[in-house]
Amino acid sequence: MSGTHHDCCAHHGHHHELVIEHLSVCYRRVLALEDVSLATSCGNRVALIGPNGAGKSTLLKAIAGLVPRSSGTILWRGTAVRKWSREFAYLPQREEVDWSFPITVRGLVEMGRYPQTGWWRKFSEKDTEAVNHAIESLNLNDLQDRQIRELSGGQQQRAFLARALAQEAHVLLLDEPFTGLDRNASQLLGDLLEKLAREGRLVIASHHDLNTVPRLFDEALVLATRPLAFGPVAEILTPELIEKTFHEPVPAHI
Amino acid sequence: MDFELLTNPFYQRALATAGFIGFANGFFSGFVVLRRNALSVSALSHTMLPGIALGIFLTGALSQWNAFFGAMFAALLVGLGSVAVARGNRVEQGTALAVLYTAAFAAGIALLPKLDTRQELEHWLFGDIIAVGNADIWIAFGIGALTLLITNLLMRPILLTLFEPNVAAAQGVPVRFIQYLIFALLVLALVSSLQAVGCVLSVGLLVTPAATVSLLTDRTSALFWGGGLIGCFGSMGAVLLSGKLGIAPGPAIVIVLGLLFIAAYLFSPKYGLFAPKGR
């Protein structure tokens, strides 16, 4: 992945690093995530894999600042991230979204600008431009007046991605983005995430289909509350490790 | 149109009150529809009756003010009580609310025979917009203006809170404060419609307008402003109509709003029963 040209980073050739050190998260007294460390940089697509309840969602939410961590540090571009930051965009799992909320695609994307505009300031030309640009680059022009439930699964993911772009986020945290998508939509979203990564964003997504990991991601973190392995996909997805993680036989063609 | 009615000062006041209350409640019904808590509103509205009874019991007389404060006190007590109980994580808020409001309602019914003002109490059950005094108009206007001001100032954090509470919290929106605020405004809106439609029918004013708009549009802002307009003109029209037909104006308001909802349900170009399917 090194040497990728970043269009959206301010300084080309400079890698924006995300370094997570000894991150733990407790829900009440249950340990959901234990001592997770990893280092990656923008331009990459990182898969979080592991069985149900392994802490994939928790890790995404912890990076996004949505759940408090009990210990550990997160460094982004060398600075410690303590709470929610505009640089991180969290895209919720499909079933966590209230799809019948009366909001249009455009309204949703505009929400991405609220952190910039604050509670009261009117949308400036720059805000409107950012919204338009996000809608255009995700090919949502014709859908922008649709209510969010009237979109297909893939379109819904694109709408939330557009909101992340309007927010000018660098790190995209997606919770099971490919779940429930048909083959075509899955392919489209895969291409899209690749494009967004090539433009210099860091894509981190939880994923449960081991077969598609090599095609969709560059790096993988195997989780089972504790991190079991982290590295380039080709090195990580060894039959032994998968067996150990999932206690299930390996799909034939990995 | 019966122009004699329009020159009658009672009717003029009733119309103005209907307009204010209709707009403020209609606007606020947007939040009720978004939060999907029409049933809680209904529970709270029933709580106002024992509140009024308690007000009479404690002060010995029925007046505008002790009815107003009694209703507000009871609704706040039961409403916030249910939120507090639900925070224990064992009992759901809807369950807590059902327990508390029926208990309060039962207490109100037990208390009623002890009071000798049953006649006038009917007035609070079903409202009497023709009998509004200047104080009522100002209360309605004040509550309406306050609601509009606060909700418009805080529209973005409120929307974020309703759509994605955890993301909103992470972005620094004081989610709990906003939730309590919406709740308090809800109680105020309910109390403001007491005079017009009474505590039983007040739910209609606080749910129907935005429910109607939600059948007609997908724009979030239209839910509020459209709800306000439907509430305003629906209520004023109903007051005029009630004078012509000789029916009580309170029920007339809720009937007209209900009919508008049914019309939207049947004929909405997009979500109506007769709308072309399969888009």
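Residues are numbered from 1 along each chain as its sequence is written, while chains are lettered from A and ligands numbered from 1 in the order in which they are written. Because the model is predicted, local features need pLDDT of at least 70 and side-chain atom pairs count only at pLDDT 80 or more, whereas totals for chains, interfaces and linings use all residues.

**Stop 1: chain A as a whole**

Select chain A. The chain holds nine helices and 10 strands; helices (H or I, at least four residues) and strands (E, at least two) are DSSP runs, numbered from the N terminus. Its radius of gyration is 18 Å, close to the 18 Å that the globule rule gives for 254 residues, so chain A is as compact as a globular protein of that length. That radius is taken over C-alpha atoms, and the rule is 2.2 Å times the number of residues to the power 0.38. Along the principal axes, the C-alpha trace of chain A spans about 55 × 40 × 40 Å.

Of the 254 residues in chain A, 44% are buried. A residue is buried if 20 or more other C-beta atoms lie within 10 Å of its own, exposed if 12 or fewer, and partly exposed in between, with C-beta atoms placed from the backbone.

**Stop 2: A:His22**

Select A:His22, which belongs to strand S1 (residues 17–27) of chain A. Although A:His22 is not a glycine, it has a positive phi of about 50 degrees. A:His22 is exposed, with 12 other C-beta atoms within 10 Å.

**Stop 3: helix H4 of chain A**

Select residues 125–137 of chain A, which form helix H4. This helix has 13 residues and reaches 18 Å from its first C-alpha to its last, close to the 18 Å expected at 1.5 Å a residue; the expected span is 1.5 Å times one less than the number of residues.

Which residues of H4(A) are buried? They are A:Ala130, A:Val131, A:Ala134 and A:Ile135. These residues cover an arc of only 130 degrees around the axis, which puts them on the same side of H4(A); the arc is that of the directions from the helix axis to the C-beta atoms. The buried residues of H4(A) pack against helix H2 (105–111) and helix H5 (153–166) of chain A. On the face turned away from the buried side are the exposed residues A:Glu125, A:Lys126 and A:Glu129.

Next, select A:Asn139, in the loop between H4 and H5 of chain A. A:Asn139 is not a glycine, yet its phi is positive, at about 65 degrees. With 13 C-beta neighbours inside 10 Å, A:Asn139 counts as partly exposed.

**Stop 4: where the chains meet**

Display both chains. The contact takes 17 residues from chain A and 17 residues from chain B; two residues are in contact if their C-beta atoms, placed from the backbone, lie within 7 Å. On the side of chain A that touches chain B, H2 and helix H3 (114–117) of chain A each supply at least two residues.

Now select B:Leu160, in helix H8 (residues 155–163) of chain B. B:Leu160 is buried, with 21 other C-beta atoms within 10 Å. Not counting residues up to four places away in sequence, B:Leu160 touches A:Met111, A:Tyr114, B:Val167, B:Ala168, B:Gln171 and B:Val173.

**Stop 5: chain B as a whole**

Select chain B, which has 13 helices and zero strands. A compact globule of 279 residues would have a radius of gyration near 19 Å, and chain B agrees with its 19 Å. Its C-alpha atoms fill a box of roughly 50 × 50 × 30 Å, taken along the principal axes. Of the 279 residues of chain B, 47% count as buried.

Select residues 64–86 of chain B, which form helix H4. H4(B) has 23 residues and reaches 33 Å from its first C-alpha to its last, close to the 33 Å expected at 1.5 Å a residue. Its buried residues include B:Phe68, B:Ala71, B:Met72 and B:Val78.

**Stop 6: the largest nonpolar core**

A nonpolar core is a set of buried Ala, Val, Leu, Ile, Met, Phe, Trp, Tyr and Cys residues joined through C-beta atoms within 7 Å. Of the 153 residues in the largest such core, A:Ala162, A:Leu172, A:Leu173, B:Ala71, B:Val239 and B:Ile253 touch the most other members. The largest share of this core, 13 residues, comes from helix H2 (residues 9–35) of chain B.

Finally, select A:Leu173. Not counting residues up to four places away in sequence, A:Leu173 touches A:Leu60, A:Ile63, A:Ala64, A:Phe88, A:Ala89, A:Tyr90, A:Leu91 and A:Ile204.
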